[in-house]
Amino acid sequence: MAISVDEAVSTGPARDHTPPARRFGGRGRAVLEVALLAVLAVVMLFPVLWMIETSIKENRDVYAIPAKFFGFKVTLDHFKDVFVASGGGRSALSAAFLNSVVVAGVSTALATVLGVPAAWAYSRFSVKAKKDQLFFILSTRFMPPVVVVIPIFLMYRQVGLIDNKLGLILIYTAFNVPFTIWMMKGFVDEVPAEYEDAAMLDGYTRLQAFWRFTLPLLLPGIAATAVFALIFSWNEFVFAIFLTSSDSVRTAPPAIAGLIGGTTVDWGLVAAASIVFALPVLVFAYLVRKHLVAGVTLGAVRR
Amino acid sequence: MSDPVPLTTDHPGQVASATPPAPGGSRRLSDRWLAVAFISPALLLLLAMSVFPLLWALYLSFTDYSATRGGAAHFVWFENYTAILTSAQVHLRALTTLIYVVGAVVLQTVLGFTIAYLISRRTHGRGLLTTLFLVPMMLSPVVVGLFWRFMLDAQFGVINSMLGSLGLEQVEWLTRQRTALFSLIVVDTWQWTPFIMLIALAGLTAVPKYLYEAASIDRASEWFRFRTITLPLVWPLLLIAVLFRAIEAFRLFDLVYILTSGGPGVSTETLSFHVYKVAFLGFNTGTASAYGILMVLIVIVLTQLYLRYLNKLKED
């Protein structure tokens with residue numbers, strides 16, 4: 001069983017171990033603990049709040065010294081600038097967002113199609129040196145991207161995949177397949193193999209048993225895994241910046257990073273673009289919160 | 001129920017029992033075929049996109065190839081490796097990386113575990129608190145880097161503004177040698193403390209309650225309970241989280257690129273960033289490949305350690 005946030009947060013009443021004599025001290029301590037937690041929460045959330053504030057401030061308030069926390073005029077101009085170019089028409093940023101959707105979507109679909117059957121096979125069959133194979137698969141995911149990108153760059157230059165969406169899709173798929181296999185193997189392990197055995201006694205082949213009985217049970221797991229793969233590809237920056245350059249191919253992360261290239265930086269626009277970029281990730285992450293522990297450890301930790 | 005396959009018609013049980021020896025043998029054969037058919041596409045992709053590039057990098061690391069100059073590559077054997085291992089520049093970057101990795105991982109482990117411990121002692125609002133604390137982790141390093149760059153800006157950054165209103169001196173966070181690396185550590189800690197918190201929380205809630213009850217019957221002190229029950233049970237999981245973070249921090253590139261671009265001077269240049277400079281600004285592809293291969297070796301050692309502990313945790 002994977003430990004989920006929900007489980008982690010809904011365990012019954014407080015453990016009250018404090019013997020009666022020490023109750024009073026215990027209450028003082030509880031207040032202190034809540035206060036400490038509140039301070040930490042404010043520190044952790046302040047940057048996010050500040051980003052939201054900056055995105056809805058007018059430029060003159062963005063650069064105000066001292067910084068304005070309250071009482072600024074709210075404007076949605078920065079969000080408009082994210083999608084609409086200054087002369088009218090679509091902005092380069094909105095094109096980049098569209099590219100991100102295509103690249104992340106297609107690479108996630110490919111990784112799922114390749115990874116789910118492999119995970120099922122690793123879970124069900126005795127494969128030679130299974131453990132070594134699985135460890136090898138996971139370790140490819142740990143390679144430093146800056147190192148991998150050097151030979152990939154040369155390779156792509158040979159076959160004309162530089163500044164090409166297909167090139168990005170391929171490398172993202174390769175980075176998501178190890179994750180998909182590890183994550184999905186956990187889900188497949190949770191579905192009893194006896195279901196397939198029973199189906200095969202009824203005359204189905206192994207493949208049909210997988211397709212008709214196991215796969216439907218795996219769908220929630222596949223959805224959760226795909227969402228994580230989607231987040232990884234969506235957030236990826238290193239390959240995107242080295243392997244693409246033109247506006248028609250570039251994904252959102254390098255496009256947003258490109259906003260600070262000039263002499264003056266429009267921080268309101270940067271903030272608005274960052275929020276538009278981060279919002280889908282947060283929504284998706286909330287949807288798969290039950291599987292966060294497994295997801296963020298690349299499917300390695302689940303109990 | 002769904003329709004069975006045409007061949008088996010009405011009496012599938014009979015078909016299976018009519019040919020007793022065959023199903024076992026042919027099934028095992030078809031199982032093996034299925035396994036190969038299902039696993040090989042994924043493995044082939046990994047071979048093409050991960051293993052082959054690394055082998056190519058290994059080959060290049062023994063040559064003086066340059067991506068821009070072109071022309072044939074000449075074998076120089078271990079020249080690139082000796083150049084890197086003896087370079088004072090590389091030693092400096094290794095030290096920077098070490099300070100960064102150790103500093104960030106220690107900070108986020110202490111903070112993350114503290115937050116998890118505090119949350120695990122609360123009864124109300126745990127779900128909301130956990131969700132809120134997790135936000136930084138889900139953001140792209142690009143967003144995190146850009147935003148902190150704005151907040152840490154010496155002129156109109158909000159951090160200096162707050163310091164100013166407290167009557168404290170302004171700090172040039174990202175443009176002073178000493179504070180830049182510190183800022184990098186702080187930003188990484190901000191983003192990844194939730195990761196440690198999440199995993200520590202999973203460990204903390206898995207500690208069986210009867211252990212605490214038994215301890216409280218024995219009137220064991222809070223510290224004693226923490227030291228003898230909580231920590232030993234959470235430690236294995238926490239160690240995995242720490243190793244995972246160490247690997248990630250060692251590989252880190254994007255945050256450095258966005259936040260400081262290695263500056264001021266070379267004070268925040270990690271090994272990852274230096275490889276990039278050698279490869280894409282210096283165009284010494286051969287040297288950069290050797291550099292990269294050495295980094296891969298370190299990652300492999302760390303990954304082995306990680307996987308070994310993971311295996312141990314799974315066997316328990």
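**Where chains A and B meet**

I began with the contact between the two chains of this predicted model. I found 88 residues of chain A in contact with 89 residues of chain B, where contact asks for C-beta atoms, placed from the backbone, within 7 Å. Helix 2 of chain A, residues 23–55, gives the largest share of chain A's side, eleven residues; helices here are DSSP runs of H or I with at least four residues, and strands are E runs of at least two, numbered from the N terminus. I then sorted chain A's side by class and got 69 nonpolar, eleven polar and eight charged residues. Nonpolar covers Ala, Val, Leu, Ile, Met, Phe, Trp, Tyr, Cys and Pro, charged covers Asp, Glu, Lys and Arg, and the others, Gly among them, are polar.

**Inside chain A**

Next I looked up the domains of chain A: domain 1 is 20–83 and domain 2 is 92–296, with bounds from an automatic or database assignment. Their centres, taken over C-alpha atoms, are 33 Å apart. Twelve residues from domain 1 and eleven residues from domain 2 make the contact. On the domain 1 side, helix 4 of chain A supplies the largest share, five residues. That side holds six nonpolar, four polar and two charged residues.

**A record for chain B**

I checked UniProt too: an unreviewed entry places "domain: ABC transmembrane type-1" at residues 94–306 of chain B, though such annotations may be inferred rather than shown by experiment. I noted that this span is 78% helix and 0% strand, with its end C-alpha atoms 21 Å apart.

Residues count from 1 along each chain as written, and chains are lettered from A in the order written. Local features need pLDDT of at least 70 and side-chain atom pairs 80 or more, while totals for chains, interfaces and linings use all residues.

Methods. Contact = placed C-beta atoms within 7 Å.
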